[in-house]
Amino acid sequence: MTPTNPSRNDRIVNAAQIYQQNLCDQTVLFVYGKPSSPQTVEVEFKAGNFCHLVGVEPRRDGLMRMKASELYSRAIEGALHSGNYGFSRGQDYCDLKLEVIGRIVRIDTNARMIGDFEDGRFVNLSTDKVVGRQNAVLGLVETGDVFVPNSVINADIREIARSASQVLATFKDPTLNSVKCSTVRYVAESLEPSHFKELCKVLQQRGELGEALNYGSQALESRLSTAKTENLLKPVSASPGNDARIIRAVPKPRRGPTVPPPNTIR
């Protein structure tokens, strides 16, 4: 018997369940730049972000429009059906996003580069920063003190980011309520354990990283074991002259619209 491809609805449900397990109600800290003066982008992932990431919007349920968070709840419970939602920019855009979303929901370990979005690169795409890799990009906009995801792009980040930088490490906070991220999710292979230790010290003294770190995998812990010292697991005093700051994207003036490549999505 020939297996059938999963329906669009099944793919949305599957993506929602993975998003729930890996990102929803969590904070991810992306670190880039120099280990001695790292730059960071902190991103919060909430239930209400999911619909936009897959290109759907709630339909009315009787006289009331369903909330995005309610649609998401139905999806993770496996109770979603096609009558619950419409498409923000058509079915084709939804399908293109679904091709990428499986990689995006693992952005805490998949991201390899980060940078400012190249304004005017795509039509109908407004975002501040982009993070991702060659085959999947997440758009981020600043809101208050943090960033939130607002777009999924099926593209090579090197083609849409201005002055893209390598992601050195990512840290995760398993809740939105904790003060600091404390779980190591990814460290670039090129980053030496001693430089990782230096990076952590700077982030700790700036109050951006938890005092005691957990490792997201045994492989990471083994590779970075030489950096596990008493000083790393305790707060460190600020060093004079260290004025590195968290980088925040500032929306820039829009240029005229251009024609996007066929695989562009928002």
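What follows is a short talk on one predicted protein model, from its overall make-up to a few individual residues.

Before the details, a word on conventions: residues are numbered from 1 along each chain as its sequence is written, and side-chain values use heavy atoms, with hydrogens and water left out. Since we are looking at a predicted model, local features need pLDDT of at least 70 and side-chain atom pairs count only at pLDDT 80 or more, whereas totals for chains, interfaces and linings use all residues.

Let me start with the whole chain. The protein chain has eight helices and 13 strands, where helices (H or I, at least four residues) and strands (E, at least two) are DSSP runs numbered from the N terminus. Of its 266 residues, 45% count as buried, and by buried I mean under 20% relative accessible area, with exposed being over 50% and partly exposed in between (1.4 Å probe, protein chains only). The chain exposes about 13000 Å², of which carbon and sulfur atoms supply 47%; these areas come from the Shrake-Rupley method with a 1.4 Å probe. If we take contacts (heavy atoms within 4.5 Å) with a separation of 6 or more, residues 24 or more positions apart account for 68% of them.

Now to the interior. In soluble globular proteins, nonpolar side chains tend to be buried together. I use nonpolar core for a set of buried Ala, Val, Leu, Ile, Met, Phe, Trp, Tyr and Cys residues joined through side-chain atoms within 4.5 Å. The largest such core in this model has 62 residues, and those with the most contacts inside it are Y19, I101, I107, L138, F171 and F196. Which helix gives the most to this core? It is helix 1, residues 8-22, with six residues. There is also a second, separate core of nine residues, including F117, V137, I157 and A161.

Helix 1 deserves a longer look. Its 15 residues reach 21 Å from the first C-alpha to the last, close to the 21 Å expected at 1.5 Å a residue, the expected span being 1.5 Å times one less than the number of residues. Buried in this helix are N9, I12, V13, A15, A16, I18, Y19 and N22. N9 counts as buried because its relative accessibility is 14%, and, leaving aside neighbours within four places in sequence, N9 is in contact with L80, H81, S82 and Y85. D10, also found in helix 1, is partly exposed, with a relative accessible area of 45%, and its C-alpha atom is separated by 8.6 Å from that of G78, 68 residues apart along the chain.

How does helix 1 lie against helix 3, residues 68-76? Their axes come within 8 Å and cross at roughly 100°, which means that helix 1 is roughly perpendicular to helix 3. Axes here are lines fitted to C-alpha atoms, for helices over the stretch in contact, and angles run from 0 to 180 degrees between N-to-C directions; under 35 degrees counts as roughly parallel, over 145 as roughly antiparallel, 65 to 115 as roughly perpendicular, and the rest as oblique. V13, A16, Q17, Y19 and Q20 in helix 1 meet Y72, A75 and I76 in helix 3.

Turning to helix 7, residues 193-205, we find 13 residues that reach 18 Å from first C-alpha to last, close to the 18 Å expected at 1.5 Å a residue. P193, F196, L199, C200, V202, L203 and Q204 are buried in this helix, and what covers its buried residues includes strand 1, strand 2 (37-45), strand 11, strand 12 (181-187), strand 13 (209-215) and helix 8 (218-223). Just after helix 7, G207 takes a positive phi of about 75°.

That brings me to backbone angles. Most residues other than glycine have a negative phi, and most peptide bonds are trans.

The C-alpha atoms of K34 and Q166, 132 residues apart along the chain, are separated by 9.8 Å.
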